[in-house]
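Colleague: I would like a close look at a single part of this model. Please keep it brisk.

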Amino acid sequence: RLSEEEFRLISGLVYNKFGIKLGEQKRALIVGRLQKVLYSGNFSNFKEYYDYVVRDSSGRALLTLVDQISTNHTYFFRESEHFQFLSTTALPRIVGLLKDKKRRDMRFWCAGCSSGEEPYTLGMVICEFLGNDIVNTEPAILATDISVSALDKAVSGNYPAEKMIQVPLVYRHKYFTPLKNGSWSVKPGLKEMTLFRRLNLIQEEYPFKGLFQVIFCRNVMIYFDKPTQQALIERFYRYTEPGGFLFIGHSETLDRSTGMYRYVQPSVYQKI
């Protein structure tokens, strides 16, 4: 059982370290997700496990904790309206500006990339839009997540057949290689566009040298409280190029009164 004190300690630790708000309704999730960890580590109760995590100076136990607690639900072409907007509006604008400024760099960031379906979808959309003109540009996608296990899956680029259902057949054969076990592997060309890194979104500064024309942070802020969300939006603003776009989840909203981003369409905003 998870006592009130143990729930307070574990939820407080997760909030302080990662900004994830675990309300009372998440009590069963904590028990379900951590039960195996307790058994495998021979912990007699959640308090004993909590003490172990706090004392672990290597930080590995904390990574295991957030790995178990974080939700990594995603799929290819999720919220497809975003990729349609990208093709018809955002990418033409970005390419036009780059040509005017005689620049080649196209920079995209997927914050909370989970197991990689989102950045790889973004890569396919970019490649399809640019076509042969891709040799005249340098598109690069940074994909970050807090979960080490999710990032390992993303880096491998291997997806079972059921994960490929949303990928159009023509894209499937163009950007993936079929494997003998029925899975599909991302081809090198698409992989090389994407850099996967671990990042805690609530840290004050990010180790980025440049700005991004497009930031995807979809269905991530729902796990944060209002102050954490606002601080995150302010950091996104700092790393968005003037006129760049921010995509959030359809169930998420931005406070437009801050004057940082203007509303474009549902869950799409542009830096003012």
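Colleague: Which backbone oxygen does the side chain of Tyr-120 reach, and at what distance?

Modeller: The side chain of Tyr-120 reaches the backbone oxygen of Ala-154, at 2.8 Å. A polar contact here is a pair of N or O atoms within 3.5 Å; within protein, one must be able to donate a hydrogen and the other to accept it, and residues adjacent in sequence count only if both atoms are side-chain atoms.

Some ground rules come next. This is a predicted model, in which local features need pLDDT of at least 70, side-chain atom pairs count only at pLDDT 80 or more, and totals for chains, interfaces and linings use all residues. Residues are numbered from 1 along each chain as its sequence is written, and side-chain values use heavy atoms, with hydrogens and water left out.

Now the setting. Tyr-120 sits in helix H6, residues 117-130. Helices are DSSP runs (H or I, at least four residues), numbered from the N terminus. Tyr-120 counts as buried because its relative accessibility is 1%. Buried means under 20% relative accessible area, with a 1.4 Å probe and protein chains only.

Then the neighbours. Leaving out residues up to four places away in sequence, Tyr-120 touches Phe-76, Ala-154, Val-155, Gly-157, Tyr-159, Val-186, Leu-190, Lys-191, Thr-194 and Phe-196. Contact means heavy atoms within 4.5 Å.

One last distance. Ile-248 lies 128 residues from Tyr-120 along the chain, and their C-alpha atoms are separated by 17 Å.

Key: Helices (H or I, at least four residues) and strands (E, at least two) are DSSP runs, numbered from the N terminus. Buried means under 20% relative accessible area, exposed over 50%, partly exposed in between (1.4 Å probe, protein chains only).
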